[in-house]
Amino acid sequence: MQISELTAGKTSVNIEVEVKSVGEIREFQKYGKQGRVATAIVKDESGEMNLTLWNEDIDKVQAGLKLKIENGYVNEFQGDPQLTAGKYGKLVILD
C-alpha cells in the first residue's frame, strides 16, 4: 500500500513510510486522563501525509526514521486525511 492510495475512512492500513518531520507535542485531558498528541509528516515514493502520534509513540519517532504502520486507519482532521495507528494498530520502528 502507498500513501497515494490512502483516503479518509480507509481501515486495515499496512504501510511503510519515512518520517520527514515531527511537529509540536500538544497535551490534553480526556475522561480525566492526561494525554499527548503530535503530528508527524511521513512520506513514501507516492507522496506525503500527516501521521497522528499518541502518547508513548511520540517518544519513539524522529525525522529520518522508517516506520511500519500495521492495522492503522485514515481519518480526517481539518479537511486533511491523517494516518494513525489508533488503539488497535501498531507502530513499528524499522532499521
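User: Is glutamate 48 buried, partly exposed or exposed?

Analyst: Buried means under 20% relative accessible area, exposed over 50%, and partly exposed in between (1.4 Å probe, protein chains only); glutamate 48, at 45% relative accessibility, counts as partly exposed. This is a predicted model, in which local features need pLDDT of at least 70 and side-chain atom pairs count only at pLDDT 80 or more, while totals for chains, interfaces and linings use all residues. Residues are numbered from 1 along each chain as its sequence is written, and side-chain values use heavy atoms, with hydrogens and water left out.

User: Which residue forms a salt bridge with glutamate 48?

Analyst: Side chains of opposite charge can pair when their charged atoms come close. A salt bridge is a side-chain nitrogen of Lys or Arg within 4 Å of a carboxyl oxygen of Asp or Glu, and glutamate 48 forms one with lysine 20, the closest N and O atoms being 2.5 Å apart. Glutamate 48 lies in strand E4 (residues 47–54) and lysine 20 in strand E1 (residues 13–22), so the pair ties together parts that are 28 residues apart in sequence; strands (E, at least two residues) and helices (H or I, at least four) are DSSP runs, numbered from the N terminus.

User: How many salt bridges does a search of the whole structure find?

Analyst: The search finds five, including the one between arginine 36 and aspartate 59, at 2.8 Å from N to O. That pair links strand E3 with helix H1 (residues 56–60), 23 residues apart; arginine 36 is partly exposed at 22%, whereas aspartate 59 is exposed at 58%.
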